[in-house]
Amino acid sequence: MSLFRAEGLVKRFGGLLATDHVDLAVERGEIHALIGPNGAGKSTLVNLISGLLAADAGRVVLDGVDLTALAPHQRSRHGLARCFQITSVFRNDSVRDNLMLAVQAQSGSSFRCLARRDAEHALQQRAEALAQRVGLTEMLDRNAGTLPHGVQKRLDVALALASRPRLLLLDEPMAGMGPEDSAQMVALIRSLASETAILLIEHDMDAVFELADRISVLVYGKVLTSGDAAHVRGHPEVQSVYLGTEAPAPLTRRREAVR
Amino acid sequence: MRKPAGRHSAHLPGLVRRLPWLVLALLAAFPLVAPAFGLEYYVGFVRRVLIVAIAATSLNFILGYGGMAALGHAGFIGVGAYTVVALVEAGVSSAWLAWGSAAVIAGLAAAAIGAVSLRTRGVYFIMITLAFAQMLYYLAVSLRTWGGDDGYGLYTPLEMGAWLDGAHAQVFYWVVLAIAALIFALFSRVAHSRYGHALRGIRDNETRMVALGYPVFRLKLAGFIAAGAVAGLAGGLLASHNAFVSPSLMHWTQSALLLVMVMLGGLGRRWGAPLGVALWLALEEALKMHTDYWHWPLGVLLLLVVFHAPQGVSALFERRAGKEAAR
């Protein structure tokens with residue numbers, strides 16, 4: 001049985017059918033990439049899965065637990081974590097405080113209001129371990145907002161990792177990155193695959209073909225096809241709607257223009 | 001050269017740590033030394049500052065730390081004050097029972113109002129909290145039994161307990177001071193707790209907090225209820241202080257004034273609320289002595305603060321203290 005299944009997800013915005021009966025499965029230990037042209041509904045789908053948007057129809061099941069009726073913070077507690085397309089960290093706080101906040105959500109009550117939080121060694125240790133995991137140990141006391149974009153993205157991933165997720169949703173982790181940062185992120189994502197299954201949304205085709213075990217192609221809110229890299233590369237409809245008709249040569253080369 | 005510099009910077013944080021105690025000692029001594037300088041009148045004034053500071057501290061907590069721009073905080077002050085009126089009307093004479101009930105009833109009102117308002121964001125939240133407070137205002141206006149528009153006089157002071165009442169003419173002052181100090185210490189402590197960190201996280205990036213697994217709505221509601229209860233307590237104390245309660249206590253302009261004072265002092269800063277309240281009320285008092293048109297200089301002051309110290313007056317002090325420590 002798949003670790004994660006989305007079944008018949010539907011989302012309408014007025015007359016626009018942004019998500020059109022999407023079925024999607026992610027297996028244990030798998031990096032599953034979701035690609036598609038701009039406006040295909042990739043971010044909407046991630047928001048439906050993480051619960052930030054309520055689906056009009058369909059189900060979301062993780063590890064046999066139906067998450068459909070749960071609020072986003074409850075889904076997070078069931079092992080579903082996500083990053084954001086636009087880097088979402090606490091810009092005015094240090095890296096350490098960012099990680100402490102993420103770790104704090106996972107153990108004990110956040111309604112405790114008298115004891116000093118920073119005196120909790122267990123939290124400090126877990127925050128430092130997370131920093132080490134994504135290579136931020138040197139920057140623990142730097143202000144998150146002052147860090148370079150690539151480093152902030154890694155912090156974003158670390159925040160999501162704090163919950164020890166079973167499924168990690170990464171919404172364009174390479175967006176706006178130069179080649180060096182991209183390479184680091186690719187290495188990080190690959191190293192995460194041993195801990196969690198990953199649903200990766202990405203425009204960077206090099207990264208997608210390098211990382212993904214399976215690729216699903218989303219077009220106009222519908223899954224066009226699903227399969228391994230070779231299958232997707234060779235799929236004629238994918239070539240015409242998403243990658244341009246003259247494929248497959250550009251497929252391996254193509255790097256989406258950074259924003 | 002290193003040694004004196006090191007000693008100096010070690011010295012200053014010590015002073016900062018002792019500052020609250022120094023302020024507390026000065027305030028505690030004030031009623032004793034005031035008569036010697038002919039300042040008895042100002043004991044009552046400082047008492048009012050302290051009570052308003054309690055309410056402002058609770059507003060600073062949800063607005064400054066929690067990012068909830070509530071424009072109806074005076075409503076909870078009013079609920080507290082009218083709770084005292086209701087209990088006195090029913091024959092209650094214990095101050096502790098009356099003030100405690102003021103906090104509890106205002107907390108309950110905050111739970112009901114918060115449960116609805118906190119489902120909205122931004123301007124809508126401002127408008128809905130304002131609307132609820134105005135409803136309470138008109139409710140008080142229409143309640144003839146408690147004086148309606150004319151207000152309600154509390155002719156016999158509430159009793160604080162056997163030895164307290166006769167001990168000194170200024171016992172009520174010290175009681176207010178003790179409560180204000182306790183509230184200030186409590187909120188300062190909460191700011192560094194798990195809850196305080198979570199609240200600030202929600203203020204800075206609510207969506208991320210949701211994704212991290214925080215029950216954001218319940219966390220905000222808890223803060224809103226606590227703040228409402230403390231404002232209600234301030235309202236109860238204010239009823240005793242004025243020996244009079246009228247609907248004007250919770251007019252929306254009072255909520256706005258409270259907001260202005262907190263912003264003047266410094267949003268989300270430990271000393272923001274008490275400093276803002278003290279500064280605003282002291283200036284108001286001083287200006288009133290010289291002119292009937294005391295509103296406009298205060299308006300000018302507000303403009304100056306907005307342009308030159310947008311983080312509030314306490315930020316100026318903090319910056320200076322930071323520089324000294326760095327020196």
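**A tour from the interface to the sheet**

Begin by selecting both chains of this predicted model, where 23 residues of chain B are in contact with 25 residues of chain A (contact: C-beta atoms, placed from the backbone, within 7 Å). On the side of chain B that touches chain A, α7 (171–191), α8 (194–204), α9 (206–211) and α10 (216–242) of chain B each supply at least two residues, and α8(B) gives the most, with seven residues; helices here are DSSP runs of H or I with at least four residues, strands runs of E with at least two, numbered from the N terminus.

Residues are numbered from 1 along each chain as its sequence is written, and chains are lettered from A and ligands numbered from 1 in the order in which they are written. Local features need pLDDT of at least 70 and side-chain atom pairs count only at pLDDT 80 or more, whereas totals for chains, interfaces and linings use all residues.

Next, select residues 95–104 and 121–133 of chain A, helices α3 and α4, which pack at an angle of about 115° with their axes 9 Å apart (axes are lines fitted to C-alpha atoms, for helices over the stretch in contact, and angles run from 0 to 180 degrees between N-to-C directions). That makes α3(A) roughly perpendicular to α4(A), a class covering 65 to 115 degrees. Among the residues that meet there are A:Leu99 and A:Met100 in α3(A) and A:Leu130 in α4(A).

Finally, show the open, mixed sheet of chain A, ordered β6-β7-β8-β3-β9-β10, where pairing requires at least two DSSP bridges. β6 (80–82) and β10 (222–227) stand at the edges, each with a single partner strand, so one side of each is left without a neighbour in the sheet.

Notes: Two residues are in contact if their C-beta atoms, placed from the backbone, lie within 7 Å. Angles under 35 degrees count as roughly parallel, over 145 as roughly antiparallel, 65 to 115 as roughly perpendicular and the rest as oblique.
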